[in-house]
Amino acid sequence: MKNDCRANVLYYLLAATAPTLRHSLVQPGKWEDPYFDDTTPRNVTALVGKSAYLSCRVKNLANKTVSWIRHRDIHILTVGSYTYTSDQRFQATHHKNTDDWTLQIKWAQKRDAGIYECQISTQPVRSYFVTLSVVVPTATIIGGPDLHVDKGSTINLTCAVKYSPEPPAYIFWYHHDEVISYDSSRGGVSVITEKGDVTTSHLLIQNADLDDSGKYSCSPSNADVASVRVHVLNGKYCGIYRRCAILWLVGNQATVESCQRGRRTRSRVSSLLWPEIRFIRGSCSFLPPSFTQASTMVD
């Protein structure tokens, strides 16, 4: 009876360990040689002026070494924890009892963008490639390059600053290359700034007049200038710069405004499928042709 119990226990132990034994027999050396963890990110984005971190995770390194190579000029940057470049911005870090070998690039610049190779000193060598992108702060004015407003309405310009390591210290607004004064005799001018990962500055000019037309620019402290041209329209005459504008949309019906022969024209468009609206030779073109259109001149 005791022998039968021992035989059963031995049978179950062998059955439980069989998959592991079979795996090690089928793939000898698979887990003995160094190999990369493929879940490590292959694409890294860094902000200009900030540190970039490129990670390489190596399993079973044993007595092999890990090197980082810049592909742009085939320059060996680091071997193990040693740095082999005069550019002190590059540094390899590795903590004991971990598999991570991280290349740090301090104060990243646009020229640092490109492909970097993490290499294991096996025969032949094994490589893992990481692509670095370096982004710079950019400013854009939403709705540009041309904006059209009616006389007497409010000009509302929004400048968005993206990819900034920190919010800009200031954002100046210009009209015709002159700084806009918020306490000028004109009045009705205000600015609202919201700082964050994306900093936005809203320029509000109430009771727009024809003199308010022209180029407007926002100039952040840490990004290039962004500009837009504002056209203040006098009543029913829209000028040659008026473009198609969707005024409102209810269900599958839209009211579209365009400029035809110097006068504003509003059109009601309906379609079973939402039409593609294009601006062609001073008027709006509606595609596909399955629509009905009624046009009226705006007085």
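Predicted model: local features only at pLDDT ≥ 70, side-chain atom pairs only at ≥ 80, totals over all residues.

Reader: Is Arg89 buried or exposed?

Author: A residue is called buried when its relative accessible area is under 20%, and exposed when that area is over 50%, with partly exposed in between. Arg89 has 10% relative accessibility and therefore counts as buried. Asp87, at 22%, counts as partly exposed.

Reader: How many salt bridges does the structure hold?

Author: The structure holds 10 salt bridges. One of them joins Arg70 to Asp73, whose closest N and O atoms are 2.8 Å apart. Arg70 is buried, at 10% relative accessibility, whereas Asp73 is partly exposed, with a relative accessible area of 36%.

Reader: Which residues are linked in a network of salt bridges?

Author: The network of salt bridges links Asp37, Arg57 and Asp100.

Reader: Which parts of the chain does the pair of Arg186 and Asp212 link?

Author: Arg186 forms a salt bridge with Asp212, and their closest N and O atoms are 2.7 Å apart. This pair links distant parts of the chain, since Arg186 lies in the loop between β15 (178-179) and β16 (189-194), while Asp212 lies in the loop between β17 (199-205) and β18 (214-220), 26 residues apart. Arg186 counts as partly exposed, at 35% relative accessibility, and Asp212 counts as buried, at 8%.

Reader: How many aromatic pairs does the structure hold?

Author: The structure holds 2 aromatic pairs. In Phe36 and Tyr128, the rings form a tilted pair, 5.4 Å centre to centre with 35 degrees between the planes. This pair links distant parts of the chain: Phe36 is in strand β1 (residues 35-36) and Tyr128 in strand β10, 92 residues apart. Both Phe36 and Tyr128 are buried.

Reader: Why is the pair of Tyr170 and Phe172 stacked?

Author: The angle between the ring planes decides the matter, because planes under 30 degrees apart count as stacked. The planes of Tyr170 and Phe172 are at 25 degrees, with ring centres 4.6 Å apart, so this pair is stacked. Tyr170 counts as partly exposed, at 41% relative accessibility, and Phe172 likewise counts as partly exposed, at 37%.

Reader: Which residues make a nonpolar surface patch?

Author: Ile76, Tyr82 and Tyr84 make a nonpolar surface patch of about 380 Å². Ile76 is partly exposed, with a relative accessible area of 44%.

Reader: Where is Thr122 found, and what does its side chain approach?

Author: For a single residue, one reads its place, its cover and its partners together. Thr122 is found in the loop between β9 (114-120) and β10 (126-135). With a relative accessible area of 7%, Thr122 is buried. A polar atom of the Thr122 side chain lies 3.4 Å from the backbone nitrogen of Arg126. If neighbours within four places in sequence are left aside, Thr122 is in contact with Pro34 and Lys64.

Definitions and conventions. Residues numbered from 1 in each chain as written. Heavy atoms only, no water. Helix = DSSP H or I, 4+ residues; strand = E, 2+ residues; numbered from the N terminus. Buried < 20%, exposed > 50% of the residue type's maximum accessible area, 1.4 Å probe, protein only. Polar contact = N/O pair within 3.5 Å; in protein donor to acceptor, adjacent residues only side chain to side chain. Contact = heavy atoms within 4.5 Å. Salt bridge = Lys/Arg side-chain N within 4 Å of Asp/Glu carboxyl O. Phe/Tyr/Trp six-rings, centres within 6.5 Å; stacked < 30°, edge-to-face > 60°. Patch = residues over 30% accessible without salt bridge, like charges linked within 9 Å, V, L, I, M, F, W, Y side chains within 5 Å. Areas by Shrake-Rupley, 256 points an atom, 1.4 Å probe, with all protein chains shown as cover.
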